[in-house]
Structure formats: C-alpha cells, structure tokens
Amino acid sequence: MKVISRAHPNIALIKYWGKRDPVLNLPDTGSLSVTVGDLFTEVVVEASPHNTDLLLIEGQVPSAAEATRMVQLVRHFRTLMPDAPPLKVDSYSNFPRAAGLASSASASAALSLGLDKFLGLRLSRQVLSTIARQFSGSGSRSLHGGFVEWRRGELPDGSDSFAVPLAPASFWPLTTFVLVVDPGPKEVGSRDGMNQSRATSPTYPSFVIQNTADLEVARQALQDRDLALLSTLSERSCLGMVATQLTSQPPLYYWQGTTFSLITSLRRLRQEGLALIFTTDAGPNVKVFCEAATTPILRQKLSQLPGVKQLLECPVGGPATVEMLP
Ligand code: PMV
C-alpha cells in the first residue's frame, strides 16, 4: 500500500511576518493567500523496507538541515500513533527553487495529508492545518485551494490558529506571474528574518496593527472581487513587511535594485490602466496577479521588462489531494 499526496505552494497578499509563539509557529497577525496552481509538491508514503524511517527528497537522502522539518513532522505523527510502522517518505517538488516560492509550505501540507491517510488517522483539514503550521507557518494555508485565510487565533496552544478556505479557485480565475530576479538562495531564511524583525524593528508594531485591520478589509474585497482595493491592501502589507525588514538590526535587504525597478514599472502599468496586484516575500522576486482578460497583454509587457530572468505563469490552484494505491 502506498499513499500519494500533493499540495500547491501559496503566495500571501496579506502577509504573515512575525510569530507570537516561535515554537508553535503562532503568528502575530492573520494572513490571506492565493494558491498557486500547476506547481506542487508530491509526497509518497509507504512502509519502510528497513526497520527505521527512510526520509528522502527526490529519491535521495537529504542533508540533516534539509531534512529537519520532515523529521519533526514524522515525529509529530508518531506521537499521535506511537505504534506506527517504520515509514518510507519521498518528497518531490515540480517547481524550480529559482522561483523563490518556498517548497516548505507545499511540502509540509502534502506530508501532513499523506501521513494522516497512510496511518488512517482521518484528521480534519483544520487539524492538519494546525499540524502543517508548526513546521511551516505558510504550510497551514497549503491544505486548501483557491483563496485562503490563516487565522491568527487567540489560544496559547494554537488549536485555533489554522487556515480556512475563503473562496475556491473557480470563484476568481486570476493569473499569477512570478518574475524571477535572482535564482540564488537568500541570505536569511524567513523564519530567522521575521524573528529578527519582531525583536528589533521599530516599525514592527505598526505593521501588526495595519496588517490586522487590512485583513478584515481584504476578506470583503475578495468577496467583491475588488481587484483595485486588493491591490492597495496587498501593496501596503508587502511594504509594511519590507519596512520591518529594512529597519531590523542588522537590516534585512531582501529586495535588490531590480526588485525596485520592476515595481516602478508595475506601478506605471497600473497607472496606465492595467489592473494588477503585486507583492514580494523574503526575497527579490516579484509576484503579480491579474484577471484573465488582462493576462495576454500583461504577459507581453512583463516579458519585456529588463532584469526578469524567468517568468512563470500559473492559474489559481485547488486544494491538496491524497490517494491511496494498492
Ligand atoms: O512560513 P514561512 O516560514 O515560509 O514564512 C512565510 C513568510 C512570507 O512568505 C514572507 C509571507 C507569507 O505570508 O507567506
């Protein structure tokens, strides 16, 4: 028997940046994301041929650092089912690391779903989202498809900090473009970066206040398919996050000159009447969203912008899936 699960990565329009509990990965604010279709992480879970767990990434034994979250997640499931047999887990992502889309989100969601199925635990997506969250905050959002909110929650044990679907992919068929500026790995990962911002940036408290208020408005803007309003909110959330990064001690320079010039071009296109949303994460790459009617013209404009090393184009993705094979 073999279980195959798949989850998509996601991109936040209202950002998660800062934990109120770094152990349980509980955020200071809620966040809202778009699921990125076509790209996915696939996880295969089966019985281990040895009497210990065998954890692989693309068929190879990963470095200890790469395997950390996988090991922790499997260990977590063992606490739920202590007599679980030794497992073989193999994880594969179909998208380039260069895209700057963290595969940790799709991997932790797919792995949580796959382990649940293989072990016959039948946990709800809500519970699985709280589990995935502990290993990748944004992973909580990758259990669902379409447009997703990760709720901040209030409880110290984190049981109310999970993701909920706000609207399916079919509700609003947006296109996601990823403008790859620099395919290299970032100097400071998001986990360390956000802890540093929270601890040292003087603008962090105002980011939390504004982001919390903007999430409320964004939820309604999504229901109204109000792209102009979502564009304003997304820009503010992104810039609020980047402000905390730049004012951290030491500063976190995730943006590069090209990031800035691309945003200048995007703002110009928006002023000229092309309805679009842009955002960045803990890196220099820029993500852009638009409606179907705008996609061909925007594709053409984006492909002409200097500094774009690769341009990915994806539809809104569906929920994580899982199947059992004999
Ligand atoms: O969940 P992590 O540790 O990959 O952090 C994600 C942080 C951002 O991508 C910058 C924002 C977000 O909400 O996805």
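Predicted model: local features only at pLDDT ≥ 70, side-chain atom pairs only at ≥ 80, totals over all residues.
Me: In which loop is proline 250 found?
Reply: The peptide bond that leads from glutamine 249 to proline 250 is cis, with omega near -10 degrees. Most peptide bonds are trans. As for its place in the chain, proline 250 belongs to the loop between helix H6 (227–246) and helix H7 (257–271).

Me: Which phi does asparagine 25 have, although it is not a glycine?
Reply: Asparagine 25 is found in the loop between E3 and strand E4 (26–27). Most residues other than glycine have a negative phi. Asparagine 25, however, has a positive phi of about 60 degrees.

Me: How much of the area that the ligand exposes when taken alone does the protein bury?
Reply: Of the 13 residues around the ligand, those that come nearest are Tyr16, Ser138, Arg141, Ser190 and Asp281. Polar side-chain atoms of serine 190 and aspartate 281 each lie by an oxygen atom of the ligand, at 3.0 Å for serine 190 and at 3.2 Å for aspartate 281, while glycine 137 has a polar backbone atom 3.3 Å from an oxygen atom of the ligand. Taken alone, the ligand exposes 380 Å², and the share of this that the protein buries is 93%.

Me: Why is the pair of tyrosine 16 and tryptophan 150 given its class, and what is that class?
Reply: A search of the whole structure finds five aromatic pairs. In the pair of tyrosine 16 and tryptophan 150, the ring centres are 4.6 Å apart and the planes stand at 65 degrees, which is over the cut-off of 60, so the pair is edge-to-face.

Me: How many residues apart in sequence are the parts that this pair ties together?
Reply: Tyrosine 16 lies in the loop between strand E2 (10–14) and strand E3 (19–21), whereas tryptophan 150 lies in strand E9 (residues 147–150). The pair therefore ties together parts whose separation in sequence is 134 residues.

Key
Residues numbered from 1 in each chain as written. Heavy atoms only, no water. Near = heavy atom within 4 Å. Polar contact = N/O pair within 3.5 Å; in protein donor to acceptor, adjacent residues only side chain to side chain. Areas by Shrake-Rupley, 256 points an atom, 1.4 Å probe, with all protein chains shown as cover. Phe/Tyr/Trp six-rings, centres within 6.5 Å; stacked < 30°, edge-to-face > 60°. Helix = DSSP H or I, 4+ residues; strand = E, 2+ residues; numbered from the N terminus.
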